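The following note sets out points for a colleague examining this entry.

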Amino acid sequence: PAERRSDLQSARALRARMQGVLKPQTLAVVCVAVALSVAPHWTRAQQNAVELSLPEARALAAHALSNGRPELASKIAGGLLEADPRSTYGHYVLANAYAEMGRIREGRQAASRAYRYSTIPVQKFEAAELAARLSYAEERPTLTQLWLRRAVQHAPSAQIEAQLAKDYAKVRQQNPFSFSLSGGLRPSTNVNNGADTAQQVIDGLPFTGQLSGSAQALSGVIGSIDGIVGYRLRGTATSRMDVSARVFVQRIALDSAANTTAPDVRNSDLASTYGEIALNQQFAIGSPGSSVDVNAAVGRYWIGGNPNYGFVRLGAGHQWQMNARTALTLNSSVEQRFSARSDIYDSRTLGVVAGARHTLGWGDSVSVSLNLLNTASDFVNSRVSAAAVRMTYSFADQIGPALVSVGLVLGRSDYPDYVAVFNVPGGKQDRSAYADVNIFLPDMDYAGFAPTVRIRAGRTQSNVSRFDTREISVAV
């Protein structure tokens with residue numbers, strides 16, 4: 001299509017850049033060589049009598065592109081690649097020549113090879129940017145996004161990086177597929193949410209015997225990967241419908257101290273995996289930035305390699321963009337869990353999350369959220385009402401190389417009917433307090449991926465000491 005061809009016009013910018021490659025001392029050679037390429041009556045022997053050095057061949061290739069001779073440029077590029085199959089310049093010229101000839105896929109492949117063999121950042125940028133344009137001309141938006149990420153990584157200036165970001169946003173909006181990937185490593189003093197001590201105390205009364213090693217806090221490293229793939233089924237200016245699949249994998253490596261405390265516990269016993277398929281419908285409503293969404297999901301949760309429960313969830317949410325600085329959110333959900341062990345462990349959870357975010361006059365922002373849930377089950381120890389408040393303060397300006405936010409979480413859980421050795425009078429009550437510092441390092445990114453360091457510390461207090469826990473962790 002005509003609009004696709006416009007994406008190839010910038011290849012002609014190469015001509016202007018390549019004009020500077022021609023040095024006065026090579027001009028005569030170039031003129032003779034071009035004359036040879038167009039004269040119809042020269043004999044093969046006469047043509048073979050002209051020999052070009054590699055610099056002269058490079059200059060001739062640039063001249064051919066500059067004068068609308070992509071076929072000649074591709075032949076010269078082929079000669080350059082015979083001399084050096086890893087020639088970045090040869091592959092880059094070939095990519096531009098193929099683009100001019102309308103051989104888009106071959107051009108993109110040649111640009112990919114130019115990127116692979118280049119060692120200079122500006123060469124990598126030019127090859128990646130060309131590969132992105134040719135991928136877009138192929139109508140392959142996901143591949144275009146990949147090459148734009150690579151181009152950003154080697155962008156020679158902040159202005160060019162900003163323009164690539166705009167291009168990326170445009171392609172991302174056009175692409176029906178979406179991808180999200182995050183991962184982390186978290187050394188922690190309590191990877192299993194275990195008890196502070198081996199002593200079992202209920203409502204201040206100690207009991208004989210000690211908690212098993214697996215019930216006590218174990219130290220080690222938590223590793224996780226969270227991946228989401230989405231596809232837009234339908235989209236207009238005011239609504240969109242998406243289907244997505246998510247997999248969250250968490251694995252734990254116990255350290256030597258944990259192995260001493262709980263020698264029978266293996267790393268695989270603490271492994272967990274979560275998967276879901278979700279459908280989401282979103283509508284724009286009211287002021288710009290405000291929306292309503294409804295969603296449904298089905299999934300399964302595994303622990304220790306064994307199925308723990310499956311679930312079905314329905315949810316709805318509303319976001320109000322009150323003004324340029326303030327936004328409010330309200331989300332609710334109902335989730336039915338089906339235990340893999342026995343029907344008695346089935347449960348139903350109702351949840352409500354309300355939140356507010358406000359940007360202060362100097363750019364910093366404050367957010368507050370309230371999370372309420374109630375779980376009903378035939379299993380008494382699963383019946384719980386809980387509430388948690390999270391407060392976050394985010395600094396707008398970088399502190400050195402970092403963007404910093406700090407958070408505080410306060411929570412309370414009430415299990416009205418709880419059994420631990422015996423029926424606990426009045427049930428079990430837990431109170432928790434956690435603080436965290438999040439350090440985002442935007443200048444250490446690679447292809448759009450950047451690290452965050454989270455330092456977290458806190459504790460949970462309970463009238464059943466098995467649930468008195470402490471944790472200090474540093475997550476990357």
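Two strands are taken as paired if DSSP finds at least two bridges between them. The model discussed here is predicted.

1. Pairing of strand 7 and strand 8. Strand 7 and strand 8 (residues 306-321) run antiparallel and are joined by 13 bridges. Within this pairing, Ala 296 stands opposite Leu 314 in strand 8. The hairpin of strand 7 and strand 8 has 2 residues between the strands, and Gly 304 there takes a positive phi near 65°.

2. Pairing of strand 6 and strand 7. Strand 6 (residues 272-284) is also antiparallel to strand 7 (residues 291-303), with 13 bridges joining them. Tyr 274 has Tyr 301 of strand 7 opposite. In this hairpin 6 residues separate the strands, and Gly 286 adopts a positive phi near 70°.

3. Helix 7. Which residues of helix 7 are buried? They are Thr 88, Tyr 89, Gly 90, His 91, Tyr 92, Val 93, Leu 94, Ala 95, Asn 96, Ala 97, Tyr 98 and Ala 99.

4. Helix 6. The 14 residues of helix 6 (residues 70-83) reach 20 Å from the first C-alpha to the last, close to the 20 Å expected at 1.5 Å a residue. Buried residues in helix 6 include Pro 70, Leu 72, Ala 73, Ile 76 and Leu 80.

5. Nonpolar surface patch. Phe 177, Phe 179, Val 229, Tyr 231, Leu 233 and Leu 279 form a nonpolar patch on the surface, and together they have about 540 Å² of accessible area. Strand 1 (177-188) and strand 4 (220-235) each supply at least two residues of the patch, and strand 4 gives the largest share, 3 residues. Phe 177 belongs to strand 1; its relative accessible area is 38%, so Phe 177 is partly exposed. Phe 177, Phe 179 and Tyr 231 also form one aromatic cluster.

6. Aromatic pairs. A search of the whole structure finds 9 aromatic pairs. In one of them, the ring centres of Tyr 345 and Phe 379 are 4.8 Å apart and the planes lie at 70°, so the pair is edge-to-face. Tyr 345 is in the loop between strand 9 (326-339) and strand 10 (347-359), and Phe 379 is in the loop between strand 11 (365-377) and strand 12 (384-394); the pair therefore ties together parts 34 residues apart in sequence. Tyr 345 counts as partly exposed at 27% relative accessibility, and Phe 379 is likewise partly exposed at 27%.

7. Most residues other than glycine have a negative phi. Glu 139, not a glycine, has a positive phi of about 60°. Glu 139 sits in the loop between helix 9 (121-137) and helix 10 (141-153) and is partly exposed because its relative accessibility is 48%. Asn 193 has a positive phi of about 55° and is not a glycine either; Asn 193 is placed in the loop between strand 1 and strand 2 (199-202).

8. Salt bridge of Glu 138 and Arg 108. A search of the whole structure finds 14 salt bridges. In the one between Glu 138 and Arg 108, the closest N and O atoms are 2.8 Å apart. This pair links distant parts of the chain, 30 residues apart: Glu 138 in the loop between helix 9 and helix 10, and Arg 108 in helix 8 (residues 104-117). Glu 138 is partly exposed at 21% relative accessible area, whereas Arg 108 counts as buried at 11%.

9. Salt bridges between strands. Arg 313 forms a salt bridge with Glu 276, with the closest N and O atoms 3.0 Å apart. Arg 313 is in strand 8 and Glu 276 in strand 6, distant parts of the chain 37 residues apart. Arg 313 is buried at 19% relative accessible area, and Glu 276 is buried at 12%. In a further salt bridge, Asp 436 and Arg 390 have their closest N and O atoms 2.9 Å apart. Asp 436 lies in strand 16 (residues 428-440) and Arg 390 in strand 12, so the pair ties together parts 46 residues apart in sequence. Asp 436 counts as buried at 4% relative accessibility, while Arg 390 counts as partly exposed at 24%. Salt bridges that share partners join Glu 276, Arg 313, Glu 335 and Arg 337 into one network.

Conventions: Residues numbered from 1 in each chain as written. Predicted model: local features only at pLDDT ≥ 70, side-chain atom pairs only at ≥ 80, totals over all residues. Heavy atoms only, no water. Buried < 20%, exposed > 50% of the residue type's maximum accessible area, 1.4 Å probe, protein only. Helix = DSSP H or I, 4+ residues; strand = E, 2+ residues; numbered from the N terminus. Patch = residues over 30% accessible without salt bridge, like charges linked within 9 Å, V, L, I, M, F, W, Y side chains within 5 Å. Areas by Shrake-Rupley, 256 points an atom, 1.4 Å probe, with all protein chains shown as cover. Salt bridge = Lys/Arg side-chain N within 4 Å of Asp/Glu carboxyl O. Phe/Tyr/Trp six-rings, centres within 6.5 Å; stacked < 30°, edge-to-face > 60°. Expected span 1.5 Å × (residues − 1).
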